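Open the model in your viewer and keep the selection tool ready. We will go stop by stop.

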Amino acid sequence: MTDDRHTLLAAASNPRRARDEDTRVLARLFTASFLNDPVFDWIARPGPKRAQGMERFFFWLLRTRAIPFGEVWMGDGVAAAWLPPGAPASPGGFFDQLRLLPMFLRLCGFPRMGRGSAMGDAMEKNHPHEPHFYLAFIAVAPRLQGFGLGTALLEANLKKIDATHTAAYLENSNPKNTRLYERHGFVARRNIAPPGAPPMIAMWRPAPMESERA
Ligand SMILES: CC(C)(COP(=O)(O)OP(=O)(O)OC[C@H]1O[C@@H](n2cnc3c(N)ncnc32)[C@H](O)[C@@H]1OP(=O)(O)O)[C@@H](O)C(=O)NCCC(=O)NCCS
């Protein structure tokens, strides 16, 4: 991967759609970026097994629940996992969830399974019903953060979304990101975090008005 800022920004502004074979690289990128995220810090197991548990979680999420829907976009050192309107945002029925138990056990560790499940339930319960693109995760490699890559990718993604006249939704797991999202038109709706958890702020970006359409 190049370190030249202009090349990185150009790739982020003109992202490519992630493919199956990108899953491992992306799972590593998301793990490195979210390792110290306040919400992951609350639900994920502490200690040296955390990164491995998170990598498995992201690998599963990307491979089975995100990349197949065609809205995971990436540059160099930056990626965003979106779900298009209608794609399921959380694991389906009881048996699906049962099958995923070992993966969630690796992510949370037994003592924090209750936290993981409370957070998952809160996200599911508060998920909007109106049609929208859902930004499940966006990440920039830690050493490249703050150089505009996240902004460039978000702008490129939102431009495409606006062309479909559709709203967008995300849950902000880190107060550090609030200004970034607000600059891009997301408005905080409410804190959906379960009791005792760090804030998880539901943010909604309305579909562009007729008059704003290009
Ligand atoms: C959030 C993230 C994708 C932003 O991408 P970025 O390339 O670092 O951000 P940009 O340089 O384009 O924009 C800067 C804005 O990002 C936000 N930001 C969040 N973490 C930041 C960091 N470590 N360094 C710099 N800016 C950060 C701030 O809002 C900042 O704007 P401000 O200085 O006006 O407050 C990236 O920092 C990241 O991967 N963070 C860790 C994972 C994460 O929090 N993902 C989103 C979860 S909801």
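Start just past the end of helix 8, where histidine 165 takes a positive phi of about 55°. This is a predicted model. Histidine 165 has that positive phi although it is not a glycine. Is histidine 165 buried, exposed or partly exposed? Histidine 165 has 13 C-beta neighbours inside 10 Å, so histidine 165 counts as partly exposed.

**Next, select helix 8.**
Check the length. Helix 8 has 15 residues, and at 1.5 Å a residue they should span 21 Å. The end C-alpha atoms of helix 8 are 22 Å apart, which agrees.

Now show side chains. Which residues of helix 8 are buried? They are Leu149, Gly150, Ala152, Leu153, Leu154, Asn157 and Ile161. What do these buried residues pack against? Among their partners are helix 1 (5–13) and helix 9 (178–183). The partners also include strand 2 (72–74), strand 3 (78–83), strand 4 (132–140) and strand 5.

**Move to helix 4 and helix 6.**
Two packed helices are described by the angle between their axes and the distance between the axes. Select residues 50–66 for helix 4 and 101–108 for helix 6. Their axes are 7 Å apart, and the helices pack at an angle of about 140°. That angle makes helix 4 oblique to helix 6. The crossing of the two is left-handed.

Zoom in on the contact. From helix 4 come Gly53, Met54, Arg56, Phe57 and Trp60. They meet Met103, Arg106 and Leu107 in helix 6. By class, this contact of helix 4 with helix 6 has 5 nonpolar, 1 polar and 2 charged residues.

The axes of helix 6 and helix 7 come within 9 Å and cross at roughly 110°. Helix 6 and helix 7 are therefore roughly perpendicular to each other. Helix 6 passes helix 7 in a right-handed crossing.

Select Phe104, Leu105, Leu107 and Cys108 in helix 6. They meet Met113, Arg115 and Gly116 in helix 7. The residues of this contact of helix 6 with helix 7 divide into 5 nonpolar, 1 polar and 1 charged.

**Last stop: aspartate 121.**
Stay in helix 7 (residues 113–125), where aspartate 121 lies. Aspartate 121 is exposed, with 12 other C-beta atoms within 10 Å. Finish with a distance: the C-alpha atoms of aspartate 121 and glycine 86 are separated by 19 Å. Along the chain, these two residues are 35 residues apart.

Key:
Residues numbered from 1 in each chain as written. Predicted model: local features only at pLDDT ≥ 70, side-chain atom pairs only at ≥ 80, totals over all residues. Buried ≥ 20, exposed ≤ 12 C-beta atoms within 10 Å, placed from the backbone. Helix = DSSP H or I, 4+ residues; strand = E, 2+ residues; numbered from the N terminus. Expected span 1.5 Å × (residues − 1). Contact = placed C-beta atoms within 7 Å. Axes fitted to C-alpha atoms, helices over the stretch in contact; angles between N-to-C directions. Parallel < 35°, antiparallel > 145°, perpendicular 65-115°, else oblique. Left-handed = near helix turned anticlockwise from the far one by under 90°. Nonpolar A, V, L, I, M, F, W, Y, C, P; charged D, E, K, R; others polar.
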